[in-house]
Amino acid sequence: MAGVQDYWEFFDDFIGGGTFSASATTDPWVITDTSSGGTPTYTRVDLSESSGTYRPGVAQLAFDSQTEAQNVCLSFGDKLAFDIQSLRGFECSMRFVAQTGSAKDSNTTLAWGVTGDRNDAIDSIAVASIFRLASGSASNAIVIENDDTVNTNDDVDAGATMTDLTWCRFKIDFSNLDDVKYYVKIGTAGEKRVGAGTTMKMSSYYGGLQPFFQLQKASDANTDAVQIDYVRLWGVRL
């Protein structure tokens, strides 16, 4: 009978009082914060039922109002723990919290999924399978991207929008590395596959990946934020 000896799973619901920091201690998560004069925040918070939504633990990344470029990334600090040949899936639940109450600031970018070594510039990350809200417009329209050092697809329209303050679920299916599939569930709507018209290949990469959530802004005073309810990755033992 198949059991834990055949499969592995990483799951974090962000419950408890752990503190995110720039170096891993007992927590696998590492924060990269490139702010200079400002103090963006990265904390575990509880969302009570009185707030209209209950989540027992949430990781929150948020800008402060300092007018400067800021980049706050939650990752494993380039500890690439999950071999792509073993990985079968990535899933998370999260929501965007816009300062405007509707859509992100045009100077804000958000990217999430799995990557190799991180970089402040999303397009400079050599290996990635991610969802993204691109900068340049005040829009929460979702695009998907992949790069396995050979096959690259940028800004593939997902045909979905990450509505402000709405919990959304995102999944990436790595069971076939020649056809990696992306799925989105916005609020109470049904889950749907997105970007199916583009073949997303990750088959030319051999190595590890890490979970990755990067919120960044060009020089601007906005206080956009993202809240991550849970993160799950799973696969097979090789």
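A polar contact is a pair of N or O atoms within 3.5 Å; within protein, one atom must be able to donate a hydrogen and the other to accept it, and residues adjacent in sequence count only if both atoms are side-chain atoms.

## Basis of the report

The structure is a predicted model, in which local features need pLDDT of at least 70 and side-chain atom pairs count only at pLDDT 80 or more, while totals for chains, interfaces and linings use all residues. Residues are numbered from 1 along each chain as its sequence is written, and side-chain values use heavy atoms, with hydrogens and water left out.

Asp-12 belongs to strand S1, which covers residues 7–12. Strands (E, at least two residues) and helices (H or I, at least four) are DSSP runs, numbered from the N terminus. Asp-12 counts as buried because its relative accessibility is 13%; buried means under 20% relative accessible area, exposed over 50%, and partly exposed in between, with a 1.4 Å probe and protein chains only.

A polar atom of the Asp-12 side chain lies 2.8 Å from the backbone nitrogen of Phe-14. The side chain of Asp-12 also makes a polar contact of 2.7 Å with the side chain of Trp-29. Contact in general means heavy atoms within 4.5 Å. When neighbours within four places in sequence are left aside, Asp-12 is in contact with Trp-29, Arg-44, Asp-229, Tyr-230 and Val-231. Between the C-alpha atoms of Asp-12 and Tyr-182, which are 170 residues apart along the chain, the separation is 21 Å.

## Salt bridges

A salt bridge is a side-chain nitrogen of Lys or Arg within 4 Å of a carboxyl oxygen of Asp or Glu. By this rule, the model has 11 salt bridges. One of them joins the side chains of Arg-118 and Asp-120, at 2.7 Å from N to O. Arg-118 is buried, at 16% relative accessibility, whereas Asp-120 is partly exposed, with a relative accessible area of 35%.

Another salt bridge links the side chains of Lys-171 and Glu-191, at 3.7 Å from N to O. Lys-171 lies in strand S12 (residues 168–173) and Glu-191 in the loop between strand S13 (181–186) and strand S14 (192–194), so this pair ties together parts that are 20 residues apart in sequence. Lys-171 is partly exposed at 24% relative accessibility, and Glu-191 is partly exposed at 35%.

The side chains of Asp-179 and Arg-193 also meet in a salt bridge, at 3.3 Å from N to O. Asp-179 is in the loop between S12 and S13, and Arg-193 is in strand S14; the pair therefore ties together parts that are 14 residues apart in sequence. Asp-179 has a relative accessible area of 22% and is partly exposed, as is Arg-193 at 31% relative accessibility.

## Lys-181

Lys-181 is placed in strand S13 and counts as buried, at 19% relative accessibility. The side chain of Lys-181 makes a polar contact of 3.3 Å with the side chain of Asp-179. Apart from residues up to four places away in sequence, Lys-181 touches Lys-171, Ile-172, Asp-173 and Arg-193.

## Cysteines

A disulfide is a pair of cysteine sulfur atoms within 2.5 Å, and by this rule the count is zero. For the sulfur of Cys-92, the closest cysteine sulfur is that of Cys-168, at 9.4 Å, which is too far for a bond. Cys-92 is buried at 0% relative accessibility, and Cys-168 is buried with a relative accessible area of 1%.

## Nonpolar cores

In soluble globular proteins, nonpolar side chains tend to be buried together. A nonpolar core is a set of buried Ala, Val, Leu, Ile, Met, Phe, Trp, Tyr and Cys residues joined through side-chain atoms within 4.5 Å. The largest such core contains 51 residues, of which Leu-74, Met-94, Trp-112, Met-162, Phe-170 and Phe-213 touch the most other members. Strand S7 (residues 87–97) supplies the largest share of this core, with five residues.

Beyond its neighbours within four places in sequence, Leu-74 is in contact with residues including Phe-14, Phe-20, Trp-29, Val-30, Ile-31 and Phe-213. A second, separate core has seven residues, among them Ala-111, Ala-128, Ile-130 and Phe-212.
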